[in-house]
Amino acid sequence: MFIAGGTNLVDLWKYNLLHPKLVVDINHLPEHRRITELEDGGLRLGALVSNADTAYHPLVESRYPLLSKAILAGASAQIRNMATNGGNLLQRTRCYYFYDADVPCNKRVPGSGCPAMDGYNRIHAILGASGECIAVFPSDMCVALAALEAVVNVSGKNGGRRIPFADFHRLPGDSPEIDNILQHGELITSIDLPEKGFAQNYSYLKLRDRHSYAFALVSVATALELEGDTIRDARIALGGVAHKPWRVREAEAVLVGKKADEAAFTAAAEVLLTGAVGLKYNAFKIELAKRAIVRNGMMALHPETQLPGAQPSA
Amino acid sequence: MKIQSAVGQPVSRLEGKLKVTGAAKYAAEYDVPDLLYGYVVHATITKGRITRLDTGAAKALQGVVDVITHENRPEVASADLKYIDMDAPPGLVFKPLTDPEVRYNGQPVALVLAEDFETARYASGLVEVEYETQAFETCLDHNLDNAREPGKGFSTMLKPPPPKPTGNFEQAFRDSPFKVDAEFRHGSEHHNPMELFATTTVYEGDGKLTIYDKTQGTVNNQLFVANVFGLRYEDVRVLAPFVGGAFGSGLRPQYQLYLSVMAALHLKRNVRVVLSRKQMFPFPHRPQSYQRLRFAADANGSLTAMNHRAISETSQFEDYAEVVAEWSHKLYPSPNTLFEYKLVSLDLYTPMDMRAPGGATALHAIECTMDELAYEAGIDPLEFRLRNYAETDPSTGKPFTSKALRECYMRAAEQFGWKERNPEPGSMVRGNKLVGYGMATGIWDAYQFPARTEVIITGEGKMIVNSAVTDIGTGTLTVMTQVAADELGLPIEDVTFSYGDSKKPFSMFQGGSAMTASTGVAIVVAVKALKKKLLKKAKSIAGSPFDRAGNDDVAFKYGHMFLRKQPSVSVSFAEIVAANGGKPVKTTNMGAPHVLKLRKYTKSSHSAAFVEVEVDKDLKTITVTRAVSAVAAGRIVNPKTARSQIAGSMVWGISKALHEESILDENLGKYMNANLGEYHIPVHADINELEVIFADERDDLINELGVKGVGEIGLVAMPAAIANAVFHATGRRIRELPIHFDKLL
């Protein structure tokens with residue numbers, strides 16, 4: 001098991017949730033601790049660059065402000081200073097039941113059961129869940145990376161591979177203990193951002209129970225390419241609703257060629273939430289997500305209306 | 001030679017630098033030699049019994065010294081009476097590691113002792129426990145039909161049952177033109193002080209112990225340890241010079257104290273036991289509650305009938321009760337009243353006082369109901385309170401020792417800009433936000449406990465004040481130094497307040513917003529006696545110019561005693577001590593409330609809170625954009641520390657209204673968000689403008705200092721003011737706390 005920032009691994013260890021036999025400290029790999037421009041016009045984010053250094057990097061701020069806003073909506077300043085980009089992709093769910101070693105959890109102990117199904121499932125998934133697991137993936141950064149169609153670079157025993165972001169995380173299915181498609185021994189070395197950064201029209205909106213230092217009940221990353229007030233290209237990714245950042249290309253296609261207004265975003269929201277299932281305590285997320293998509297679409301038209309903490313515009 | 005009076009000055013905390021530099025030591029930070037570390041193993045079921053317990057693997061680990069369970073527990077007192085502490089509710093105190101029964105989830109079932117903390121924690125995971133489980137109930141709402149009268153005991157004196165009904169409530173409610181019938185539900189909350197519960201027990205030999213403990217009452221815990229372990233009182237010394245918050249959770253001895261002392265005596269070693277944050281959830285807490293209120297008013301907006309029925313949770317072994325149901329009648333007159341309070345026993349640990357216990361629960365419901373009734377009657381909510389304003393205590397007919405609530409209403413309303421309010425819900429808009437204004441009233445009892453202090457004049461002419469009282473972060477050290485300095489006319493630099501030590505003169509636990517009055521009055525009484533003693537000693541000096549002076553003829557300033565009529569005739573304290581053979585002059589005295597005189601009065605502090613919220617028009621996220629609290633609490637000894645108490649309480653009120661909840665899974669019977677990441681309290685981004693106003697409230701009756709205490713009064717009005725503001729913004733009454741914003745969708 002590798003350790004970088006340790007902001008999640010050490011917690012899990014202390015909570016008696018994981019018991020690594022061997023921990024390899026990878027903090028001394030300087031080649032993965034830098035941000036470099038790519039020849040194709042993209043940007044490579046080293047896996048060991050901290051979330052804070054990434055968010056405040058001038059090239060990220062100017063070319064990928066959506067990513068910057070999403071990172072800064074997560075955790076606390078202290079945690080962002082420690083947490084790395086690679087680690088952000090690998091953080092575990094914050095499901096209460098996963099975090100309590102004394103109760104069953106299919107993600108922690110496969111086959112043991114899922115008390116969240118009939119329990120307090122306010123923070124749980126409305127999309128892509130299975131009968132085994134309704135946990136959500138907690139990252140904000142990854143919601144923006146999904147919208148930006150980043151690529152994850154991985155190195156392993158058999159050489160390297162490039163994983164499109166949409167394929168990196170997986171849905172729980174009948175093996176909820178597996179969060180992503182990394183193989184044993186593989187290491188994330190960097191994340192590549194394509195040239196297109198949607199720096200003109202973007203917004204990240206995060207809805208939660210307090211205005212900072214809480215995980216999203218629903219979050220939305222929206223990126224638009226406009227020609228006048230007509231949408232040429234659109235990306236929408238949701239956080240806090242599924243086992244991975246949630247993107248539906250059909251919903252984005254609905255927007256292309258349309259006038260960028262509430263009606264268009266409302267139509268896209270309906271497509272995005274198709275198939276959503278509410279449980280006893282989280283059914284509100286369906287309506288909340290729809291409204292958030294609409295508001296965030298409008299905020300993307302005026303990125304200056306975004307507030308610290310990715311709160312709704314004033 | 002003029003000293004500025006210290007009382008009334010915004011003196012910064014005297015211990016502030018120690019705290020912010022990390023020099024202040026807390027219970028788990030005392031370096032003592034040969035320390036053993038204890039780690040608690042807790043039950044993973046909610047109810048049942050242990051059928052097998054295997055400590056072999058844990059004991060086999062290098063560095064593990066012992067594992068104590070109910071099977072090998074050393075001898076302790078068996079009589080239940082020995083476990084009763086000063087704040088114990090009626091019932092049987094839970095005794096850790098006594099039998100195989102599991103009474104609540106997270107109950108301690110073993111203590112692992114090792115040479116270092118990490119080994120102890122690791123070994124705790126090697127203890128194997130098997131259980132036989134039984135059905136349990138942890139949800140109040142499903143068990144309201146099982147509500148019953150609370151048992152009575154010693155603590156019933158401070159928390160009496162509701163008064164008898166007056167008039168005929170049902171008929172009056174039926175016949176009144178305006179009425180409201182509303183139910184309110186609160187989940188439980190945990191105190192979550194920043195400092196973890198911890199005890200470092202130093203084994204001194206010969207049955208003597210020195211104990212660094214996280215507590216609000218050094219003497220309470222000293223007596224508890226001596227009683228349970230059969231030690232002499234004077235051989236047990238409990239120290240708590242710094243306490244990192246407690247909010248009521250330190251009013252009773254907690255089990256880490258018991259386990260630490262037990263292990264220290266058994267192994268004859270120094271032992272430290274620190275609880276983890278998670279272990280501080282199967283722990284005392286504010287109980288779940290259900291309230292139903294039915295209030296009615298006549299055509300003029302005068303209250304005619306008030307019924308408040310409250311049901312709260314307690315454990316299966318103790319009857320923790322609060323005063324909930326009757327608060328409305330201390331605020332508002334009503335000819336017909338019916339107040340009921342019941343308990344439901346659940347398979348959880350016993351609840352315990354948490355900042356403004358009972359009052360914070362009740363006033364949310366009362367003041368929301370008042371708001372709703374004001375709307376029913378078509379009267380402005382503030383005007384409605386003023387029409388029902390009571391100059392004397394409506395529940396007893398007694399006068400208040402002082403009551404500046406009207407001034408609180410007026411000054412806070414003015415400062416807040418209440419008259420700008422359009423009463424129509426949803427009518428005030430700011431961009432994407434619906435703006436709501438809400439207000440509420442607060443009330444709290446002004447308690448005073450008996451307390452003793454020792455005052456000493458040293459050879460340098462300086463004063464030392466000794467008390468067993470703690471300073472749980474409220475500013476007691478600073479405030480008591482100010483009081484003592486003024487009483488003897490010394491600058492505060494010449495006064496040392498020494499506290500947090502059970503060896504020092506008696507103090508009750510620090511709670512009920514009572515310490516400024518309790519310890520303060522004890523200082524007043526002791527300094528008065530000290531002055532007499534100083535005069536007597538001065539007279540014994542040969543050729544003393546004071547030999548004909550009576551107590552009223554002398555005054556004290558700047559380390560000197562002088563004749564009032566001839567101030568040039570003076571003697572320094574240092575000279576008096578020198579003439580006393582160099583022996584410090586000292587006295588120990590008790591201060592106590594003037595019970596007989598005060599029986600004719602009601603003693604209360606009051607407050608009014610005005611709150612503005614913004615609610616997003618689409619997404620319904622809620623922000624408290626500003627709040628003004630005006631507080632009438634008698635004389636304010638230190639406006640700075642007092643303001644901090646009120647502002648901190650206002651933050652707590654925001655937390656209670658919008659954030660804080662102990663998530664109880666009723667299928668598992670346990671709290672699921674047992675950490676500060678998921679147990680939400682406000683962060684900076686949630687807190688905006690907070691303004692504190694202190695009303696001019698002179699109170700010559702209540703005690704020698706005219707003080708009432710400010711620890712809790714700042715909280716009680718806030719949750720209702722916020723809920724009322726949310727209603728004003730949205731037209732929606734959310735009667736469950738915390739108000740989750742999605743309920744407004």
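Reply: Two residues are in contact if their C-beta atoms, placed from the backbone, lie within 7 Å. In this predicted model, 25 residues of chain B are in contact with 27 residues of chain A. By class, the chain B side of that contact holds eight nonpolar, ten polar and seven charged residues.

Me: Why is H4(A) called roughly antiparallel to H7(A)?

Reply: Helix H4 (residues 65–72) of chain A and helix H7 (residues 141–148) of chain A have axes that cross at roughly 160 degrees and come within 7 Å. Angles over 145 degrees count as roughly antiparallel, and therefore H4(A) is roughly antiparallel to H7(A). The crossing of these two helices is right-handed.

Me: What makes the residues of the contact of H4(A) with H7(A) nonpolar?

Reply: Leu66(A), Leu67(A), Ala70(A) and Ile71(A) in H4(A) meet residues of H7(A), including Met141(A), Val143(A) and Leu145(A). Ala, Val, Leu, Ile and Met are among the types that count as nonpolar, so the contact divides into ten nonpolar, no polar and no charged residues.

Me: How many residues of domain 1 of chain A are in contact with domain 2 of chain A?

Reply: The domain assignment gives domain 1 (2–193) and domain 2 (201–309) in chain A. Of domain 1 of chain A, 35 residues are in contact with 35 residues of domain 2 of chain A. H7(A) supplies the largest share of the domain 1 side, six residues. By class, that side has 25 nonpolar, five polar and five charged residues.

Key:
Residues numbered from 1 in each chain as written. Chains lettered and ligands numbered in written order. Predicted model: local features only at pLDDT ≥ 70, side-chain atom pairs only at ≥ 80, totals over all residues. Axes fitted to C-alpha atoms, helices over the stretch in contact; angles between N-to-C directions. Helix = DSSP H or I, 4+ residues; strand = E, 2+ residues; numbered from the N terminus. Parallel < 35°, antiparallel > 145°, perpendicular 65-115°, else oblique. Left-handed = near helix turned anticlockwise from the far one by under 90°. Domains from an automatic or database assignment.
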